[in-house]
Amino acid sequence: MDRPGVRMIIMGRQGAGKGTQATRLAAACSVPHISTGDMLRAAVREGTDLGLRAKAIMDAGDLVPDEVMIGIVGERLDRDDANRGWILDGFPRTVGQAEALADITAQAPVDVVVELVVPNEIVVERLSARRTCDSCGTIYSVGDAAIADGVCPKCGGTPVQRDDDKPEAILHRLEVYERDTSPLLGHYRSLDLLESVDGLGSEDEVHARILAVVDARVASDPS
Ligand code: ADP
Ligand code: ZN
């Protein structure tokens with residue numbers, strides 16, 4: 001079935017499964033998956049000015065300044081492939097970013113904000129076990145059979161533990177989420193854009209839950 005384009009923000013604590021689910025949704029809806037974390041990690045790998053500035057901030061689990069992030073996302077949303085829609089993963093993360101996004105998208109506003117709900121104890125376990133391909137960014141878990149040989153089956157790169165998935169940084173990132181990002185949930189709820197989806201269960205189950213809420217929203221949207 002062809003789905004109409006969708007403009008969607010995916011939110012949730014670190015480790016809630018945003019990246020995995022956003023990748024699948026982007027394919028299902030034929031819109032780009034725009035992950036600010038992936039964009040920043042690519043800049044770090046390539047050693048660009050942005051990457052050099054962002055690396056220490058990211059390793060510590062702190063936030064890159066709003067004006068930098070707003071610039072990056074504004075440029076990305078301007079590209080042709082973002083015409084039919086997009087899935088934003090990792091942005092907005094502060095009230096300032098949300099306000100800027102509302103300005104940037106004034107002509108074609110967000111259709112839905114999906115919050116993936118997963119309890120704190122579980123995300124800590126998931127993040128500690130997470131391994132990320134150092135070349136293509138695919139996410140695995142330490143025990144996955146697919147990476148038993150230490151090689152990414154998609155690209156031949158090496159799955160590694162991100163510096164910010166080490167224990168000290170995990171707790172700090174979760175605090176930053178509570179403090180800076182969770183206030184956005186109430187903001188989007190008051191705009192009647194928020195859909196909270198249970199993030200527990202298999203990847204397929206969670207994917208189906210998200211598609212159900214997105215289809216209900218976008219089908220009832222005359223644009
Ligand atoms: P996670 O949500 O698991 O922490 P991400 O891949 O979304 O991981 O982001 C990794 C890091 O990149 C963040 O900890 C932060 O330093 C930086 N970052 C990503 N998106 C933003 C953003 N919108 N604003 C500020 N910093 C960001
Ligand atoms: Zn890879």
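What follows is a chat about the strands, the helices and the charged pairs.

Tutor: Quick ground rules: this is a predicted model, where local features need pLDDT of at least 70, side-chain atom pairs count only at pLDDT 80 or more, and totals for chains, interfaces and linings use all residues. Residues are numbered from 1 along each chain as its sequence is written, chains are lettered from A and ligands numbered from 1 in the order in which they are written, and side-chain values use heavy atoms, with hydrogens and water left out.

Student: OK, the open sheet then: what is the order of its strands?

Tutor: Strands here are DSSP runs (E, at least two residues) and helices are too (H or I, at least four), numbered from the N terminus. Two strands pair if DSSP finds at least two bridges between them. The edges are β2 (33-35) and β8 (194-198), each pairing on one side only. With parallel pairing throughout the five strands, the order reads β2-β3-β1-β4-β8.

Student: Which residue in β4 stands opposite Ile9?

Tutor: β1 and β4 (residues 112-117) run parallel and are joined by four bridges. Across from Ile9 in that pairing you'll find Val113.

Student: And at about what angle does α1 run to β3?

Tutor: Axes are lines fitted to C-alpha atoms, for helices over the stretch in contact, and angles run from 0 to 180 degrees between N-to-C directions. α1 lies across β1, β2, β3 (86-89) and β4. Its angle to β3 is about 175°.

Student: How do α2 and α4 sit: roughly parallel or roughly perpendicular?

Tutor: Two packed helices are described by the angle between their axes and the distance between the axes. The axes of α2 and α4 (residues 66-77) come within 11 Å and cross at roughly 105°. Under 35 degrees counts as roughly parallel, over 145 as roughly antiparallel, 65 to 115 as roughly perpendicular and the rest as oblique. So α2 and α4 are roughly perpendicular.

Student: Which residues of α4 make that contact?

Tutor: Contact means heavy atoms within 4.5 Å. α2 brings Thr36, Met39 and Leu40. On the α4 side are Met69, Ile72, Val73 and Arg76.

Student: Now β5: which residues are buried on each side?

Tutor: In a regular strand the side chains alternate between the two faces of the sheet. Both faces of β5 are covered. One side has Arg130 and Thr132, the other Arg131 and Cys133.

Student: Which residue in the turn between β5 and β6 has a positive phi?

Tutor: β5 and β6 (residues 139-141) run antiparallel, joined by three bridges, and Arg130 stands opposite Ser141. The two strands form a hairpin with five residues between them. The positive phi, about 85°, belongs to Gly137.

Student: On to charges: which residue does Arg130 meet in a salt bridge?

Tutor: A salt bridge is a side-chain nitrogen of Lys or Arg within 4 Å of a carboxyl oxygen of Asp or Glu. Arg130 has a partner at 2.9 Å, N to O, and both residues are buried. Arg130 also belongs to a salt-bridge network that includes Arg162, Asp164 and Arg173. The 2.9 Å partner is Asp165.

Student: How many residues apart are Glu178 and Arg13?

Tutor: Glu178 and Arg13 form a salt bridge, with closest N and O atoms 3.3 Å apart. Glu178 is in helix α7 (residues 167-181), while Arg13 is in the loop between β1 (7-11) and α1 (18-29). That puts the separation at 165 residues.

Student: And what is the sequence separation for Asp163 and Lys55?

Tutor: Asp163 and Lys55 form a salt bridge at 3.8 Å between closest N and O atoms. Asp163 lies in the loop between β7 (159-160) and α7 and Lys55 in helix α3 (residues 49-60), so the pair ties together parts separated by 108 residues.

Definitions and conventions
Buried < 20%, exposed > 50% of the residue type's maximum accessible area, 1.4 Å probe, protein only.
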